Amino acid sequence: MFESGNHPSLDAVASCVSGYDPNALPVASAQEVIQSFIRPIAAVEKLAIRAALGRVLAQDIISPINVPAHDNSAMDGFALRGGDLGADPVRLRVVGTAFAGRAYAGEVGRGECLRIMTGAVMPAGCDTVVPQEFTRDADEQAVTIPPGVVRTGDNRRFAGEDLAAGQPAVVRGRILRPADLGLLASLGIAEVPVQRRLRVAFFSTGDELRSLGETLDEGCVYDSNRYTLYGMLRRLGCEVIDMGVVRDEPAALEAAFRSAAENADAIITSGGVSVGAADYTRDMMAKLGDVCFWTIGMRPGRPMAFGHISSGGRGAYLFGLPGNPVAVMVTFYFFARDALLHMMGANPDPLPLMPAVSEAPIRKKPGRTEYQRGILGMAADGRRSVRITGSQGSGILRSMSEANCMVVLHHHQGNVAAGDVVDVVLFDGLT
Ligand code: AMP
Ligand code: MG
(Lines give C-alpha, C1' and ligand atoms only; values in the text may rest on other atoms or scores of the structure.)
(Ligands and ions follow the chains in the order given, each with its own letter.)
Protein backbone atom coordinates (compact mmCIF):
# COMPACT_ATOMS: atom_id res chain seq x y z
CA MET A 1 0.00 0.00 0.00
CA PHE A 2 2.80 2.38 0.82
CA GLU A 3 4.70 3.92 -2.03
CA SER A 4 8.10 2.34 -1.66
CA GLY A 5 11.27 4.36 -1.70
CA ASN A 6 12.18 7.18 0.64
CA HIS A 7 12.30 4.75 3.48
CA PRO A 8 15.34 4.55 5.77
CA SER A 9 17.03 1.16 5.69
CA LEU A 10 16.55 -1.10 8.68
CA ASP A 11 20.31 -1.28 9.12
CA ALA A 12 20.47 2.49 9.37
CA VAL A 13 17.73 2.52 11.99
CA ALA A 14 19.15 -0.43 13.94
CA SER A 15 22.64 1.07 14.04
CA CYS A 16 21.25 3.90 16.15
CA VAL A 17 20.13 1.46 18.85
CA SER A 18 22.92 0.97 21.35
CA GLY A 19 24.30 -2.58 21.63
CA TYR A 20 22.13 -3.82 18.72
CA ASP A 21 22.62 -7.55 18.28
CA PRO A 22 19.96 -9.30 16.15
CA ASN A 23 20.86 -12.63 17.75
CA ALA A 24 20.33 -11.49 21.33
CA LEU A 25 18.04 -8.51 21.23
CA PRO A 26 16.42 -7.18 24.40
CA VAL A 27 12.69 -6.51 24.08
CA ALA A 28 13.18 -2.77 24.59
CA SER A 29 15.72 -2.57 21.74
CA ALA A 30 13.43 -4.44 19.35
CA GLN A 31 10.60 -2.07 20.27
CA GLU A 32 12.92 0.87 19.66
CA VAL A 33 13.93 -0.31 16.18
CA ILE A 34 10.29 -0.92 15.23
CA GLN A 35 9.13 2.45 16.51
CA SER A 36 11.88 4.33 14.67
CA PHE A 37 11.26 2.48 11.42
CA ILE A 38 7.47 2.75 11.21
CA ARG A 39 5.81 5.74 9.55
CA PRO A 40 2.14 6.66 10.05
CA ILE A 41 -0.32 6.56 7.16
CA ALA A 42 -1.52 9.93 5.89
CA ALA A 43 -4.98 9.34 4.44
CA VAL A 44 -7.89 10.96 6.26
CA GLU A 45 -11.66 10.61 5.90
CA LYS A 46 -14.58 12.49 7.39
CA LEU A 47 -17.12 10.53 9.41
CA ALA A 48 -20.29 11.16 11.35
CA ILE A 49 -19.32 11.01 15.01
CA ARG A 50 -21.09 7.71 15.73
CA ALA A 51 -19.18 6.05 12.91
CA ALA A 52 -15.97 7.48 14.33
CA LEU A 53 -16.13 5.40 17.54
CA GLY A 54 -12.79 3.61 17.98
CA ARG A 55 -11.20 5.55 15.12
CA VAL A 56 -8.16 7.81 15.35
CA LEU A 57 -8.88 11.52 15.30
CA ALA A 58 -6.83 13.17 12.55
CA GLN A 59 -7.00 16.81 13.72
CA ASP A 60 -7.39 18.71 16.97
CA ILE A 61 -11.03 19.66 17.51
CA ILE A 62 -11.32 23.20 18.84
CA SER A 63 -14.43 24.05 20.78
CA PRO A 64 -16.56 26.58 18.85
CA ILE A 65 -18.66 27.38 21.94
CA ASN A 66 -18.58 27.61 25.71
CA VAL A 67 -19.80 24.45 27.41
CA PRO A 68 -22.03 25.03 29.25
CA ALA A 69 -23.14 28.06 27.31
CA HIS A 70 -24.57 29.83 30.40
CA ASP A 71 -24.11 29.87 34.15
CA ASN A 72 -26.66 27.31 35.35
CA SER A 73 -27.88 25.41 38.36
CA ALA A 74 -26.32 22.10 39.40
CA MET A 75 -29.33 21.17 41.57
CA ASP A 76 -33.10 21.33 41.85
CA GLY A 77 -33.75 24.00 44.48
CA PHE A 78 -33.83 27.75 44.90
CA ALA A 79 -31.54 30.32 43.29
CA LEU A 80 -30.79 33.29 45.54
CA ARG A 81 -28.29 35.96 46.49
CA GLY A 82 -25.68 34.57 48.90
CA GLY A 83 -25.64 37.99 50.56
CA ASP A 84 -29.21 37.41 51.81
CA LEU A 85 -28.19 34.46 53.97
CA GLY A 86 -27.18 34.97 57.57
CA ALA A 87 -26.82 33.38 61.00
CA ASP A 88 -30.59 32.96 61.36
CA PRO A 89 -33.14 31.25 59.13
CA VAL A 90 -34.30 33.60 56.34
CA ARG A 91 -37.66 33.59 54.64
CA LEU A 92 -37.39 34.55 50.96
CA ARG A 93 -40.16 35.45 48.55
CA VAL A 94 -40.43 33.05 45.55
CA VAL A 95 -40.78 35.18 42.40
CA GLY A 96 -41.09 32.42 39.80
CA THR A 97 -39.55 29.27 38.34
CA ALA A 98 -36.66 28.57 35.92
CA PHE A 99 -36.70 25.32 34.00
CA ALA A 100 -33.89 23.69 32.00
CA GLY A 101 -34.28 25.19 28.54
CA ARG A 102 -36.74 27.82 29.79
CA ALA A 103 -34.98 30.66 31.57
CA TYR A 104 -36.60 33.13 33.97
CA ALA A 105 -36.67 36.48 32.23
CA GLY A 106 -36.89 38.82 35.21
CA GLU A 107 -34.45 39.91 37.89
CA VAL A 108 -34.32 38.42 41.35
CA GLY A 109 -34.07 41.16 43.95
CA ARG A 110 -32.91 41.22 47.57
CA GLY A 111 -35.03 39.09 49.82
CA GLU A 112 -36.27 37.14 46.81
CA CYS A 113 -35.46 33.77 45.25
CA LEU A 114 -36.41 31.64 42.27
CA ARG A 115 -37.42 27.99 42.11
CA ILE A 116 -34.82 26.48 39.78
CA MET A 117 -34.29 23.10 38.11
CA THR A 118 -30.99 21.41 37.36
CA GLY A 119 -29.49 22.85 34.18
CA ALA A 120 -31.69 25.97 34.17
CA VAL A 121 -29.95 29.27 33.44
CA MET A 122 -29.03 31.19 36.61
CA PRO A 123 -31.23 34.30 36.82
CA ALA A 124 -29.69 37.77 36.90
CA GLY A 125 -28.77 38.78 40.44
CA CYS A 126 -28.39 35.24 41.82
CA ASP A 127 -25.09 33.55 42.63
CA THR A 128 -26.09 30.54 44.77
CA VAL A 129 -28.47 27.57 44.66
CA VAL A 130 -29.87 25.95 47.79
CA PRO A 131 -30.89 22.36 47.09
CA GLN A 132 -34.56 21.65 47.64
CA GLU A 133 -33.91 19.17 50.45
CA PHE A 134 -32.11 21.76 52.60
CA THR A 135 -35.07 24.17 52.62
CA ARG A 136 -38.13 24.32 54.91
CA ASP A 137 -41.76 25.35 54.61
CA ALA A 138 -41.68 25.92 50.86
CA ASP A 139 -44.94 27.02 49.26
CA GLU A 140 -45.90 28.99 46.14
CA GLN A 141 -45.05 32.30 47.78
CA ALA A 142 -42.05 31.78 50.03
CA VAL A 143 -39.37 29.40 51.35
CA THR A 144 -37.24 29.27 54.50
CA ILE A 145 -33.49 28.73 54.25
CA PRO A 146 -31.91 27.48 57.49
CA PRO A 147 -28.47 28.92 58.37
CA GLY A 148 -25.29 27.15 57.26
CA VAL A 149 -26.78 24.90 54.54
CA VAL A 150 -24.83 26.54 51.68
CA ARG A 151 -22.06 29.04 51.06
CA THR A 152 -22.24 31.78 48.47
CA GLY A 153 -21.52 30.34 45.02
CA ASP A 154 -22.53 26.75 45.83
CA ASN A 155 -24.29 24.62 43.20
CA ARG A 156 -23.75 27.12 40.42
CA ARG A 157 -22.04 25.88 37.24
CA PHE A 158 -20.16 28.52 35.25
CA ALA A 159 -20.40 29.10 31.51
CA GLY A 160 -17.39 27.46 29.85
CA GLU A 161 -16.32 25.50 32.95
CA ASP A 162 -16.49 22.22 31.06
CA LEU A 163 -14.81 23.70 28.00
CA ALA A 164 -14.18 27.29 26.95
CA ALA A 165 -14.65 28.42 23.34
CA GLY A 166 -11.32 28.23 21.48
CA GLN A 167 -9.87 25.47 23.65
CA PRO A 168 -8.89 22.09 22.17
CA ALA A 169 -11.67 19.69 23.08
CA VAL A 170 -10.25 16.44 21.70
CA VAL A 171 -6.73 16.17 20.36
CA ARG A 172 -5.39 14.54 17.25
CA GLY A 173 -4.21 10.97 17.72
CA ARG A 174 -6.99 10.19 20.16
CA ILE A 175 -8.78 6.88 19.70
CA LEU A 176 -12.34 8.09 20.08
CA ARG A 177 -14.23 6.65 23.03
CA PRO A 178 -17.88 6.98 24.07
CA ALA A 179 -17.10 10.06 26.22
CA ASP A 180 -15.44 11.74 23.23
CA LEU A 181 -18.52 11.18 21.05
CA GLY A 182 -20.63 12.81 23.75
CA LEU A 183 -18.20 15.69 24.14
CA LEU A 184 -18.15 16.31 20.38
CA ALA A 185 -21.95 16.24 20.32
CA SER A 186 -22.05 18.73 23.21
CA LEU A 187 -20.10 21.12 20.97
CA GLY A 188 -22.56 20.69 18.13
CA ILE A 189 -19.98 18.85 16.02
CA ALA A 190 -21.57 16.22 13.78
CA GLU A 191 -18.55 15.06 11.73
CA VAL A 192 -14.87 14.64 12.45
CA PRO A 193 -11.78 13.85 10.35
CA VAL A 194 -10.30 10.44 11.20
CA GLN A 195 -7.38 8.45 9.83
CA ARG A 196 -8.49 5.84 7.39
CA ARG A 197 -8.55 2.33 8.75
CA LEU A 198 -5.30 0.41 8.64
CA ARG A 199 -5.41 -2.58 6.30
CA VAL A 200 -3.62 -5.59 7.69
CA ALA A 201 -3.13 -8.81 5.73
CA PHE A 202 -2.27 -11.99 7.58
CA PHE A 203 -1.58 -15.60 6.84
CA SER A 204 -0.25 -18.71 8.49
CA THR A 205 2.65 -20.75 7.21
CA GLY A 206 3.35 -24.40 7.87
CA ASP A 207 2.51 -27.59 6.00
CA GLU A 208 1.12 -29.15 9.19
CA LEU A 209 -1.67 -26.57 9.40
CA ARG A 210 -5.26 -27.37 8.51
CA SER A 211 -8.03 -24.84 8.19
CA LEU A 212 -11.37 -25.27 9.92
CA GLY A 213 -13.58 -27.64 7.98
CA GLU A 214 -10.63 -29.68 6.70
CA THR A 215 -9.80 -33.15 7.96
CA LEU A 216 -7.12 -33.20 10.61
CA ASP A 217 -4.58 -35.56 9.05
CA GLU A 218 -2.01 -37.45 11.08
CA GLY A 219 0.51 -35.04 12.66
CA CYS A 220 -1.46 -31.95 11.70
CA VAL A 221 -2.97 -29.15 13.80
CA TYR A 222 -5.80 -26.73 13.20
CA ASP A 223 -4.63 -23.23 12.37
CA SER A 224 -5.54 -21.22 15.44
CA ASN A 225 -3.24 -18.25 14.92
CA ARG A 226 -5.40 -16.73 12.23
CA TYR A 227 -8.26 -16.58 14.70
CA THR A 228 -6.34 -14.97 17.54
CA LEU A 229 -4.80 -12.54 15.05
CA TYR A 230 -8.21 -11.76 13.63
CA GLY A 231 -9.48 -11.00 17.14
CA MET A 232 -6.54 -8.84 18.14
CA LEU A 233 -6.55 -6.89 14.87
CA ARG A 234 -10.28 -6.27 14.97
CA ARG A 235 -10.04 -5.08 18.57
CA LEU A 236 -7.46 -2.55 17.38
CA GLY A 237 -9.86 -1.34 14.72
CA CYS A 238 -7.95 -2.67 11.71
CA GLU A 239 -9.48 -3.78 8.46
CA VAL A 240 -8.33 -7.36 8.04
CA ILE A 241 -7.42 -9.37 4.96
CA ASP A 242 -7.33 -13.05 5.92
CA MET A 243 -5.14 -14.84 3.38
CA GLY A 244 -5.52 -18.31 4.89
CA VAL A 245 -2.81 -20.91 5.22
CA VAL A 246 0.02 -20.59 2.73
CA ARG A 247 1.94 -23.70 1.90
CA ASP A 248 5.68 -23.96 2.38
CA GLU A 249 6.44 -23.57 -1.30
CA PRO A 250 8.45 -20.70 -2.75
CA ALA A 251 5.90 -19.88 -5.45
CA ALA A 252 2.93 -19.87 -3.06
CA LEU A 253 4.81 -17.80 -0.50
CA GLU A 254 6.02 -15.30 -3.08
CA ALA A 255 2.52 -14.83 -4.47
CA ALA A 256 1.12 -14.33 -0.96
CA PHE A 257 3.76 -11.82 0.11
CA ARG A 258 3.41 -9.86 -3.12
CA SER A 259 -0.35 -9.70 -2.95
CA ALA A 260 -0.18 -8.63 0.70
CA ALA A 261 2.44 -5.94 0.01
CA GLU A 262 0.30 -4.55 -2.81
CA ASN A 263 -2.96 -4.51 -0.87
CA ALA A 264 -2.18 -3.92 2.78
CA ASP A 265 -0.38 -1.46 5.01
CA ALA A 266 1.01 -4.22 7.18
CA ILE A 267 1.47 -7.96 6.87
CA ILE A 268 1.44 -10.35 9.78
CA THR A 269 2.55 -13.92 9.33
CA SER A 270 2.96 -16.65 11.86
CA GLY A 271 5.42 -19.51 11.77
CA GLY A 272 8.52 -20.25 9.78
CA VAL A 273 10.83 -17.65 11.30
CA SER A 274 12.66 -19.78 13.85
CA VAL A 275 16.36 -20.39 13.31
CA GLY A 276 16.02 -24.05 12.47
CA ALA A 277 12.91 -23.70 10.35
CA ALA A 278 13.07 -25.99 7.34
CA ASP A 279 10.93 -23.80 5.18
CA TYR A 280 11.06 -20.98 2.69
CA THR A 281 9.31 -18.26 4.62
CA ARG A 282 12.47 -16.51 5.78
CA ASP A 283 14.09 -16.70 2.33
CA MET A 284 11.06 -15.14 0.71
CA MET A 285 10.84 -12.34 3.28
CA ALA A 286 14.50 -11.52 2.69
CA LYS A 287 14.10 -11.70 -1.09
CA LEU A 288 11.17 -9.28 -1.26
CA GLY A 289 12.22 -6.65 1.21
CA ASP A 290 14.33 -5.09 3.87
CA VAL A 291 13.77 -7.55 6.68
CA CYS A 292 15.77 -8.49 9.75
CA PHE A 293 15.50 -11.71 11.66
CA TRP A 294 15.78 -11.45 15.38
CA THR A 295 16.29 -13.69 18.33
CA ILE A 296 14.70 -11.66 21.06
CA GLY A 297 15.54 -11.95 24.74
CA MET A 298 12.04 -12.94 25.72
CA ARG A 299 9.78 -15.81 26.57
CA PRO A 300 7.63 -16.81 24.88
CA GLY A 301 8.57 -15.35 21.53
CA ARG A 302 12.26 -15.37 20.69
CA PRO A 303 12.30 -15.61 16.87
CA MET A 304 10.70 -12.77 14.99
CA ALA A 305 11.12 -11.09 11.62
CA PHE A 306 10.48 -7.42 11.09
CA GLY A 307 10.84 -5.11 8.13
CA HIS A 308 9.25 -3.81 4.98
CA ILE A 309 8.33 -5.76 1.86
CA SER A 310 7.74 -4.32 -1.60
CA SER A 311 6.03 -5.47 -4.74
CA GLY A 312 4.97 -3.59 -7.86
CA GLY A 313 5.98 -0.21 -6.44
CA ARG A 314 3.93 -0.73 -3.30
CA GLY A 315 4.94 -1.99 0.07
CA ALA A 316 3.87 -2.94 3.57
CA TYR A 317 5.48 -3.38 6.94
CA LEU A 318 6.08 -6.98 7.86
CA PHE A 319 5.78 -8.69 11.22
CA GLY A 320 6.90 -12.29 10.94
CA LEU A 321 5.69 -13.68 14.24
CA PRO A 322 6.70 -17.07 15.62
CA GLY A 323 4.35 -20.02 15.09
CA ASN A 324 3.54 -21.06 18.63
CA PRO A 325 0.06 -19.83 19.52
CA VAL A 326 0.98 -18.07 22.78
CA ALA A 327 4.13 -16.58 21.25
CA VAL A 328 1.98 -15.11 18.46
CA MET A 329 -0.20 -13.29 20.97
CA VAL A 330 2.68 -12.07 23.12
CA THR A 331 4.73 -10.79 20.19
CA PHE A 332 1.63 -9.20 18.71
CA TYR A 333 0.76 -7.38 21.95
CA PHE A 334 4.28 -6.22 22.77
CA PHE A 335 5.65 -5.43 19.28
CA ALA A 336 3.02 -5.31 16.55
CA ARG A 337 0.29 -3.59 18.54
CA ASP A 338 2.26 -0.43 19.30
CA ALA A 339 3.60 -0.32 15.76
CA LEU A 340 0.12 -0.63 14.25
CA LEU A 341 -1.20 2.09 16.57
CA HIS A 342 1.67 4.31 15.48
CA MET A 343 0.87 3.59 11.82
CA MET A 344 -2.77 4.53 12.49
CA GLY A 345 -1.60 7.91 13.76
CA ALA A 346 -2.81 7.06 17.25
CA ASN A 347 -1.18 8.52 20.28
CA PRO A 348 -2.30 6.24 23.11
CA ASP A 349 -0.92 6.21 26.64
CA PRO A 350 1.60 3.42 27.20
CA LEU A 351 0.08 0.21 28.53
CA PRO A 352 -0.20 0.68 32.30
CA LEU A 353 1.81 -1.74 34.44
CA MET A 354 0.00 -2.54 37.65
CA PRO A 355 1.73 -3.91 40.75
CA ALA A 356 0.37 -7.14 42.24
CA VAL A 357 1.59 -9.56 44.87
CA SER A 358 2.65 -12.90 43.44
CA GLU A 359 0.80 -15.69 45.24
CA ALA A 360 3.53 -18.23 44.51
CA PRO A 361 7.23 -18.29 43.61
CA ILE A 362 8.04 -17.88 39.89
CA ARG A 363 11.29 -19.09 38.36
CA LYS A 364 12.83 -16.47 36.11
CA LYS A 365 16.27 -16.07 34.53
CA PRO A 366 17.72 -12.57 34.32
CA GLY A 367 18.61 -11.45 30.79
CA ARG A 368 15.24 -11.92 29.12
CA THR A 369 11.73 -10.58 29.49
CA GLU A 370 9.08 -13.13 30.38
CA TYR A 371 5.38 -12.76 29.81
CA GLN A 372 3.50 -15.21 31.97
CA ARG A 373 -0.25 -15.53 31.92
CA GLY A 374 -1.91 -14.61 35.17
CA ILE A 375 -5.20 -14.30 36.99
CA LEU A 376 -5.45 -11.11 38.95
CA GLY A 377 -7.50 -11.23 42.12
CA MET A 378 -7.63 -9.86 45.63
CA ALA A 379 -5.55 -11.18 48.55
CA ALA A 380 -6.99 -11.50 52.08
CA ASP A 381 -5.26 -8.24 53.06
CA GLY A 382 -7.08 -6.38 50.29
CA ARG A 383 -4.03 -6.03 48.04
CA ARG A 384 -4.11 -7.10 44.42
CA SER A 385 -2.62 -10.54 43.95
CA VAL A 386 -1.80 -12.62 40.92
CA ARG A 387 -1.37 -16.29 40.23
CA ILE A 388 0.01 -17.90 37.11
CA THR A 389 -2.36 -19.97 34.95
CA GLY A 390 -1.06 -23.54 34.86
CA SER A 391 1.59 -24.62 32.43
CA GLN A 392 3.24 -21.77 30.56
CA GLY A 393 4.38 -23.62 27.43
CA SER A 394 4.30 -21.34 24.40
CA GLY A 395 1.94 -23.70 22.59
CA ILE A 396 -0.61 -23.83 25.42
CA LEU A 397 -3.29 -21.41 24.36
CA ARG A 398 -5.50 -22.36 27.29
CA SER A 399 -3.07 -20.50 29.58
CA MET A 400 -3.95 -17.38 27.65
CA SER A 401 -7.66 -18.02 27.43
CA GLU A 402 -7.96 -18.50 31.22
CA ALA A 403 -5.81 -15.49 32.06
CA ASN A 404 -7.07 -11.97 32.66
CA CYS A 405 -3.62 -10.40 32.68
CA MET A 406 -0.03 -10.85 31.63
CA VAL A 407 2.64 -10.92 34.31
CA VAL A 408 5.65 -9.02 32.96
CA LEU A 409 8.94 -10.21 34.42
CA HIS A 410 11.46 -7.63 33.31
CA HIS A 411 14.78 -8.18 31.56
CA HIS A 412 17.04 -7.88 34.62
CA GLN A 413 14.60 -9.48 37.04
CA GLY A 414 15.43 -12.88 38.63
CA ASN A 415 13.37 -15.43 40.57
CA VAL A 416 10.23 -14.15 42.23
CA ALA A 417 9.39 -15.29 45.77
CA ALA A 418 5.82 -15.73 47.02
CA GLY A 419 4.72 -12.32 48.34
CA ASP A 420 6.99 -10.33 46.00
CA VAL A 421 5.39 -7.58 43.96
CA VAL A 422 5.34 -8.10 40.18
CA ASP A 423 4.05 -5.99 37.30
CA VAL A 424 0.96 -7.05 35.39
CA VAL A 425 -0.78 -5.76 32.28
CA LEU A 426 -4.54 -6.21 32.30
CA PHE A 427 -6.22 -7.66 29.22
CA ASP A 428 -9.47 -5.71 29.54
CA GLY A 429 -10.59 -2.44 30.96
CA LEU A 430 -13.69 -0.35 30.41
CA THR A 431 -14.00 -0.15 26.68
P1 AMP B 1 7.21 -22.62 13.68
O2 AMP B 1 7.50 -21.28 14.28
O3 AMP B 1 6.72 -22.56 12.28
O4 AMP B 1 8.38 -23.52 13.85
O5 AMP B 1 6.03 -23.22 14.55
C6 AMP B 1 6.18 -23.48 15.93
C7 AMP B 1 5.03 -24.32 16.44
O8 AMP B 1 3.81 -23.57 16.31
C9 AMP B 1 4.80 -25.61 15.70
O10 AMP B 1 4.43 -26.58 16.65
C11 AMP B 1 3.62 -25.30 14.79
O12 AMP B 1 2.87 -26.44 14.50
C13 AMP B 1 2.84 -24.32 15.62
N14 AMP B 1 2.08 -23.46 14.75
C15 AMP B 1 2.60 -22.71 13.75
N16 AMP B 1 1.63 -22.00 13.13
C17 AMP B 1 0.48 -22.31 13.76
C18 AMP B 1 -0.88 -21.91 13.57
N19 AMP B 1 -1.20 -21.05 12.62
N20 AMP B 1 -1.82 -22.42 14.41
C21 AMP B 1 -1.47 -23.29 15.39
N22 AMP B 1 -0.21 -23.70 15.60
C23 AMP B 1 0.75 -23.24 14.80
MG1 MG C 1 6.40 -23.88 10.67
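This tour visits a ligand site, several packed helices and some features of the loops.

The structure is a predicted model, in which local features need pLDDT of at least 70 and side-chain atom pairs count only at pLDDT 80 or more, while totals for chains, interfaces and linings use all residues. Residues are numbered from 1 along each chain as its sequence is written, chains are lettered from A and ligands numbered from 1 in the order in which they are written, and side-chain values use heavy atoms, with hydrogens and water left out.

**Stop 1: the ligand**

Select ligand 1 and display its surroundings. It is surrounded by 14 residues, where a residue is near a molecule if one of its heavy atoms lies within 4 Å of it. The closest are Glu-208, Asp-223, Ser-224, Asn-225 and Gly-272. By class, the shell consists of 3 nonpolar, 9 polar and 2 charged residues. Here Ala, Val, Leu, Ile, Met, Phe, Trp, Tyr, Cys and Pro count as nonpolar, Asp, Glu, Lys and Arg as charged, and the others, Gly among them, as polar.

A polar side-chain atom of Glu-208 is 2.6 Å from an oxygen atom of ligand 1. For Asp-223, a polar side-chain atom lies 2.7 Å from a nitrogen atom of ligand 1. Asn-324 contributes a polar backbone atom, 3.2 Å from an oxygen atom of the ligand. On its own, ligand 1 has 490 Å² of accessible area, of which the protein covers 76%; such areas come from the Shrake-Rupley method with a 1.4 Å probe.

**Stop 2: helices that pack together**

Two packed helices are described by the angle between their axes and the distance between the axes. The helices are DSSP runs (H or I, at least four residues), numbered from the N terminus. Axes are lines fitted to C-alpha atoms over the stretch in contact, and angles run from 0 to 180 degrees between N-to-C directions.

Select helix α4 (residues 225-235) and helix α7 (residues 325-343). Their axes come within 11 Å and cross at roughly 30 degrees. The two helices are therefore roughly parallel to each other, a term for angles under 35 degrees.

**Stop 3: the loops**

Select Val-67 and Pro-68, which are joined by a cis peptide bond with omega about -10 degrees. Pro-68 lies in the loop between β4 (61-62) and β5 (72-73); strands are DSSP runs of E, at least two residues long.

Now select Arg-299 and Pro-300, where a cis peptide bond has omega of about -10 degrees. Pro-300 belongs to the loop between β19 (289-299) and β20 (303-311).

Finally, select Asn-155, in the loop between β10 (142-145) and β11 (156-157). Its phi is near 60 degrees, a positive value in a residue other than glycine.

Terms used
A polar contact is a pair of N or O atoms within 3.5 Å; within protein, one must be able to donate a hydrogen and the other to accept it, and residues adjacent in sequence count only if both atoms are side-chain atoms. Angles under 35 degrees count as roughly parallel, over 145 as roughly antiparallel, 65 to 115 as roughly perpendicular and the rest as oblique.
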